[in-house]
Amino acid sequence: MHMHDASSHPTRDLAAFAAGLRFEAIPAEVAERAVNLYVDWLGSALAGKGARPVEIIARFARAAGGREGPAEVVIDRGRASSYFAAMMNGAASHFVEQDDVHNGSVLHPATVVFPVVLALAQELGASGADLITAAVAGYEVGIRVGEYMGRSHYKVFHTTGTVGTLAAAAAAGRMLGLDAERMVHAFGSAGTQASGLWEFLRDAADSKQLHTAMAAANGLMAARLAADGFRGAARILEGAQGMAAGMSSDADPARLLDRLGQRWATMETSFKYHAACRHTHPAADALLAVIAEHGLRPADIGRVTARVHQGALDVLGNVVIPRTVHQAKFNMGTVLGIVAHRGYAGVTEFEEDYDATEIAAFRDRVRMELDAEVDRAYPARWIGKVTVETADGRELHGRVDEPKGDPGNTLSREEISAKFIRLAMFPGAAGAAAGSPAVGVDEARAILERAWRIAEQPVVGSVFAAMQTA
């Protein structure tokens, strides 16, 4: 592992950037992208309503923190303290696997950053510009820390749980107006709480929602403690017993401050088109390309080999036969079966079809194989390559260099809006038992219209005030 020389202090430099960021210093296209990311996140948060793990965390939060407070809980329009609202909204927005991801850091920033900035903005009466500024601070810090921690970290640790705690602390610290010194303390308290292990995938455990719930809540707590004078480790990232020392074998110090203030990593974040683990998307899009090019029907496809990077094998290899909808989203064969049969792997397709007979049969004809080119490009680029053996003996090849949703193949505002409506009106992850969607169609459109204007709002009020103000 690379160590820093004693004179360098990247934790302090990163904290100073987060503390000092001003809305006026954020390029217009970066602020606009942050608004897109906020709207995208809000749809995912609404879609978490009814999901069993989310509702269990929400019941715990209600019992511990009550039902009153300045911040909103989006799954049921309840109120809570900012801490517990961030916890509940963090859990909710990571369930349907539609929240954003940054390729190079393999971090899902929105699900840990926006629950924090929304809750604190509602508590503090802050403006939409304040919210966007704090969100960008969280993205820029979190992405760089994720890149710093490297591929070895992600092999064992769920980066969104670990590094996400730092991203949340940076965002919360900026909302609270921490100076550079106190931001360092917030980072220290966040890093010492950073946790999240991939083991849950092996047996369909619910930990993924706990990871994002606690990254958001602990990051907010770290910033709040720092604001009150609580001290955290000054070199939590690079210190001899800091995060890199304990959780990485390939940490790259050059990534931490990479062109800070010039390279806006927020712009590099990808939107998720399919409602599945991002590691499946490149192969899914490559398979769709083969199907379109050759006019294939599912029955024409004999076998599919997805040519993947090692990270995909590490994460997706844990799920052989999915036993739950959520586990199915981490199974390459299921995802490819759904896109082959349905043309798109969205939330509804998974709920209805993940264990359908024809999907299970297709799943058994899919295998993953490590591809040297794909692996070399990862994580900066997520190339999709598939080889399809047809029932009549042909061998067809498909490739995509930028899966749909990546920066060079991003979603338009129209596509984000359509995705938002689909998620907001999702009838709940528990199907009919979940009752009704979080909102109806008219309210969904009104909430969406208001969300697009978040940066212009002098005071961030209720997400649901849209019907009165639209």
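These are my notes from looking through a predicted model of one chain.

**Overall build**

I started with the whole chain. I counted 20 helices and eight strands in its secondary structure. The C-alpha trace spans about 70 × 55 × 40 Å along its principal axes. Of the 470 residues, 62% count as buried. For contacts with a separation of 6 or more, I found that 77% come from residues 24 or more positions apart.

**Aromatic pairs**

Next I went for the rings. I note both the distance of the centres and the angle of the planes, because a pair of aromatic rings is described by those two values. With ring centres required to lie within 6.5 Å, I get 10 aromatic pairs. One of them is tyrosine 83 with phenylalanine 84: the centres are 4.9 Å apart and the planes stand at 85°, so I logged the pair as edge-to-face. Is phenylalanine 84 buried or exposed? Its relative accessibility is 15%, so phenylalanine 84 counts as buried. Tyrosine 83 is partly exposed, at 23% relative accessible area.

I also looked at tyrosine 154 and tryptophan 198, an edge-to-face pair with 5.3 Å centre to centre and 75° between the planes. This pair links distant parts of the chain, 44 residues apart: tyrosine 154 is in helix H6 (residues 128-156), while tryptophan 198 is in the loop between helix H8 (180-191) and helix H9 (207-227). Tyrosine 154 is buried, with a relative accessible area of 9%. Tryptophan 198 is buried as well, at 6%.

Tyr38, Trp41, Phe114 and Tyr139 make up one aromatic cluster. Lysine 404 has its charged end over the ring of tyrosine 273, 5.5 Å from the ring centre.

**The E7/E8 hairpin**

Last, I checked two strands. E7 (residues 384-390) and E8 run antiparallel and are joined by six bridges. Glycine 384 has valine 400 in E8 as its bridge partner. The two strands form a hairpin with four residues between them, and glycine 393 in the turn has a positive phi of about 95°.

Which residues of E8 lie on its covered face? I found Leu396, Gly398 and Val400 there, with Glu395, His397 and Arg399 on the uncovered one. In a regular strand the side chains alternate between the two faces of the sheet.

Conventions
Residues numbered from 1 in each chain as written. Predicted model: local features only at pLDDT ≥ 70, side-chain atom pairs only at ≥ 80, totals over all residues. Heavy atoms only, no water. Phe/Tyr/Trp six-rings, centres within 6.5 Å; stacked < 30°, edge-to-face > 60°. Buried < 20%, exposed > 50% of the residue type's maximum accessible area, 1.4 Å probe, protein only. Lys NZ or Arg CZ within 6 Å of the ring centre and 35° of its normal. Pairing = 2+ DSSP bridges. Contact = heavy atoms within 4.5 Å.
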